Amino acid sequence: SLASTAVTCFTRGLDLRKETEDVLCPANCPLWQFYVFGDGVYASLSSVCGAAIHSGVITNAGGAVRIQTLPGQENYPAVNANGIQSQVLTRWASSFSVTRSKNTALEAVGRSVSTARPSTGKRPKKTLDKKAGNKDCKADIAFLIDGSYNIGQRRFNLQKNFVGKVAVMLGIGTEGPHVGVVQASEHPKIEFYLKNFTAAKEVLFAIKELGFRGGNSNTGKALKHTAQKFFSLENGARKGIPKIIVVFLDGWPSDDIEEAGIVAREFGVNVFIVSVAKPTTEELGMVQDIGFVDKAVCRNNGFFSYQMPTWFGTTKYVKPLVQKLCSHEQMLCSKTCYNSVNIGFLIDGSSSIGDSNFRLVLEFISNVAKAFEISDIGSKIAAVQFTYDQRTEFSFTDYTTKEKVLSAIRNIRYMSGGTATGDAISFTTRNVFGPMKDGPNKNFLIVLTDGQSYDDVRGPAAAAQKAGITIFSVGVAWAPLDDLKDMASEPRESHTFFTREFTGLEQMVPDIIRGICKDFLDSKQ
């Protein structure tokens, strides 16, 4: 076949639809704009033409190449080849390889076409959809601009122009990205929120109108304020859409930015830092913390930091930044312990507990569950009650809102009977966690018991942990410490809880939530 898809410098492997596709790369793509991950086998996040040049199949004169889709893999290496530095990626869901296209007829045509812009095929439908914006770019973005004396009025205006160009190229619209602006100076000021504008024209106008504030560049203070206050639902943040803060920094921050980075990560915000005019060698002595970029960004993997030498001639930096902001699979900080866990509660229903204490147990469970963002795309809760028998009160897929989960917990009826904790752990591992095992969330089991188990708990607990479930054991009254420790995940001290009285359960709630979050973060590093 002669058919070959004309692509742009920015087309990525994942933008192509076929298993094997012949594409025509344009000439004179700016090499430094390419994002390429891997060597020989490239993560499908990579630019197709960038990978073709990196692997030596074509030069920057463009030409026809064949792209073959391959399965995903782990540890794509970073290699410098043919003027392109590829980047490391820990894992990706699909890959591709590049070979020379067998298509010689295409080559002849290709030479004359390759410098032309690929035709966009003007369809009248396009105009109707302008309101919706770029649906492929899912993002709620705060631009945190530098309004300090560091930058000064003139560069502040150049910064505004750059942010305006980025905003336009993002394709803002009702179903596309939404943006707002915060100005960092002595005190941060939220200039406008995500909900204020849904058209690029309005955003551009609002950016033009921004006044320069001056003062110290308290970027840390502004970043923390933005992470905590900007992305509320009432201010227009959308459920399930990545939250992003793009921090523009002229020079360096005048306050500590590390703590703000931690807060942003806890709030599930992806922080990018665009640094302009990095400190010179002479200036480094004035910088509090030379590693300020690495400490504030979402992940220190090269993806979240971006450098521009000056505020002049920044147009060529717009598109690669937009590409990053729209790669929503790369937004590693969107997942937090609050929205990405499955928590199963295993509740002792034995007769030694009694009705009123059983109520206190249910209250404890509600208070833990309440802390999490429960939804079909977020965290999930399940509960099993056990005596010698087990009863699934509700499974992870039964309720997908917090209200329904809390009402289901309130309606659990007390069984009353013996205590076979080991069997109950095996039952829960198999029937409740089994169906979730390939899901994206991290699995936790909280075992609540008030006494000695009649069966072995060690074997079933080890099997659950091997299946990827982290266990917290919570003992009350006569629960033997040895049993509790035998069930708990490592380090056992921080996964084992005990109280003499059922009224003591309430104080444990914050520690359990903190423990889940700590384990979640450790598993992500």
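Residues are numbered from 1 along each chain as its sequence is written. Because the model is predicted, local features need pLDDT of at least 70 and side-chain atom pairs count only at pLDDT 80 or more, while totals for chains, interfaces and linings use all residues; side-chain values use heavy atoms, with hydrogens and water left out. Helices (H or I, at least four residues) and strands (E, at least two) are DSSP runs, numbered from the N terminus.

**Stop 1**

Select residues 20–25, strand 2, and residues 63–76, strand 5: the two pair in the antiparallel sense over six bridges. Two strands pair if DSSP finds at least two bridges between them. Leu 24 has Ala 64 of strand 5 as its bridge partner. Opposite Gln 73 stands Trp 92 in strand 8.

**Stop 2**

Next comes an open sheet of six strands, in the order 11-10-9-12-13-14 and with mixed pairing. Its edge strands, each pairing on one side only, are strand 11 (189–192) and strand 14 (305–308). The twist averages 20° from one strand to the next.

Select strand 9 (residues 140–146), which pairs with strand 12 in the parallel sense over five bridges. Phe 143 has Val 246 as its bridge partner in strand 12. Now show helix 6 (residues 219–229), which packs on the sheet and touches strands 9, 10, 11, 12 and 13. The direction of helix 6 makes about 165° with that of strand 12; angles run from 0 to 180 degrees between N-to-C directions, and axes are lines fitted to C-alpha atoms, for helices over the stretch in contact.

Move to strand 12 (residues 243–250), which pairs with strand 13 in the parallel sense over eight bridges. Ile 244 has Asn 270 as its bridge partner in strand 13. Color strand 13 (residues 269–276) by burial: eight of its eight residues are buried, so the strand is largely enclosed by the rest of the structure. Buried means under 20% relative accessible area (1.4 Å probe, protein chains only). Val 269, Val 271, Ile 273 and Ser 275 point one way from strand 13, and Asn 270, Phe 272, Val 274 and Val 276 point the other way.

Helix 9 (residues 318–326) lies across strands 9, 12, 13 and 14, running at about 170° to strand 14.

**Stop 3**

Select strand 18 (residues 442–449) and strand 19 (residues 469–476), which run parallel and are joined by seven bridges. Leu 448 stands opposite Val 474 in strand 19.

**Stop 1: helices 10 and 16**

Finish with helix 10 (residues 355–370) and helix 16 (residues 505–524), which pack at an angle of about 25° with their axes 9 Å apart. That makes helix 10 roughly parallel to helix 16, a term for angles under 35 degrees. Show the contact (heavy atoms within 4.5 Å): helix 10 contributes Leu 360, Val 361, Phe 364, Asn 367 and Val 368, and helix 16 contributes Leu 505, Met 508, Val 509, Ile 512 and Ile 513.

Note on methods. Parallel < 35°, antiparallel > 145°, perpendicular 65-115°, else oblique. Buried < 20%, exposed > 50% of the residue type's maximum accessible area, 1.4 Å probe, protein only.
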